[in-house]
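Please keep the sequence and the structure in view while reading.

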Amino acid sequence: MSSREESPSSVSGFDLDTIDESTVTDTTLKNLLRREIELQLQIDALQTEILQIEESTAAGKNNKNDEELDPQDLEEFEAPEWCVPIKANVMTFDWEALASEVQFDVIVADPPWQLATHAPTRGVAIGYQQLPDVCIEEIPIQKLQKNGFIFIWVINNKYAKAFELMERWGYHYVDDITWVKQTVNRRMAKGHGYYLQHAKETCLVGKKGEDPPNCRHSVGSDVIFSERRGQSQKPEELYELIEELVPNGKYLEIFGRKNNLRDYWVTVGNEL
């Protein structure tokens with residue numbers, strides 16, 4: 001974790017040591033102010049650390065010798081013709097500018113949840129930078145959608161946090177989708193877990209306000225049987241289900257990756 005010279009007692013023009021009963025009589029307000037400043041310091045430090053890791057990773061890739069590169073690395077990636085990919089750090093992206101241009105009918109998020117322990121995957125590699133909950137909850141989802149649905153992929157120890165975030169952003173839980181992972185031979189693709197082997201992932205569905213235009217009811221299924229593919233790549237059936245639920249809608253994916261780019265979707269992520 002990057003060190004910060006600032007002290008919570010003097011940040012953003014505030015000198016907490018000088019706050020007394022003559023200036024702030026409400027103890028609760030004073031405590032909330034102090035907590036807000038402390039959280040902002042944590043976010044600033046985490047953003048610095050994330051940038052350092054990204055720069056280090058980029059430098060490592062640039063230093064690879066040509067003979068060490070996989071032939072697939074040299075192939076030019078072709079995005080779908082009508083997709084809108086935005087390569088950006090979701091923590092610093094100007095979400096308010098995007099919200100001022102368009103309000104989305106459906107938002108999909110696959111947050112890089114920070115795992116509970118240092119080695120919770122029991123040998124399974126994690127191919128992306130994990131983010132603490134405090135960073136994920138700072139994304140202003142509530143500004144991007146007035147009416148519509150949010151689909152949040154969640155890991156086992158983050159169910160409670162995901163429900164908390166949905167409420168924080170103005171949604172109520174309406175459904176969930178289970179993705180049963182399969183191998184190329186259509187067998188159940190079991191993975192490591194702390195107590196039980198995991199062969200599924202769950203996507204929680206929240207709703208805010210009224211149904212978006214053209215919304216249909218009782219479509220698709222809440223269970224997807226689909227082959228496990230690339231690292232963190234989600235099943236195409238989810239996107240097809242969303243487009244059946246809200247035809248011709250305005251779709252946004254956050255924390256997106258190249259392998260999930262899709263026509264008529266706006267995709268924001270730092271791995272595009």
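**Helices, sheet and cores**

Helix 6 lies across strand 4, strand 5, strand 6, strand 8, strand 9 and strand 10, and runs at about 165 degrees to strand 5. Helices (H or I, at least four residues) and strands (E, at least two) are DSSP runs, numbered from the N terminus; axes are lines fitted to C-alpha atoms, for helices over the stretch in contact, with angles from 0 to 180 degrees between N-to-C directions. Contact means heavy atoms within 4.5 Å. The model is predicted, with local features needing pLDDT of at least 70 and side-chain atom pairs counting only at pLDDT 80 or more, while totals for chains, interfaces and linings use all residues. Residues are numbered from 1 along each chain as its sequence is written, and side-chain values use heavy atoms, leaving out hydrogens and water.

In helix 6 (residues 236-245), the buried residues (under 20% relative accessible area, with exposed over 50% and partly exposed in between; 1.4 Å probe, protein chains only) are Leu-238, Tyr-239, Leu-241, Ile-242 and Leu-245. Seen down the helix axis, they fall within an arc of 160 degrees, so they line one face of helix 6; the arc is that of the directions from the helix axis to the C-beta atoms.

The strands form an open sheet of eight, in the order 3-10-9-4-5-7-6-8, with mixed pairing; two strands pair if DSSP finds at least two bridges between them. Strand 3 (84-87) and strand 8 are at the edges with a single partner strand each, so one side of each has no neighbour in the sheet. Strand 3 runs parallel to strand 10, joined to it by four bridges; Pro-85 has Thr-267 in strand 10 as its bridge partner.

Helix 5 lies across strand 5, strand 6 and strand 7 (200-208), at about 20 degrees to strand 7. Leu-204 is found in strand 7 and counts as buried because its relative accessibility is 2%. Its contacts include Phe-151, Ala-162 and Phe-163.

A nonpolar core is a set of buried Ala, Val, Leu, Ile, Met, Phe, Trp, Tyr and Cys residues joined through side-chain atoms within 4.5 Å. The largest has 33 residues, of which Trp-95, Ile-107, Ile-141, Leu-144, Leu-252 and Ile-254 touch the most other members. Domain 1 (27-59) and domain 2 (84-116 + 130-269), whose bounds come from an automatic or database domain assignment, both give residues to this core, so it lies between them. Apart from this core lies another, of 20 residues, including Phe-149 and Leu-238.

Terms used
Lists of a residue's contacts leave out its neighbours within four places in sequence.
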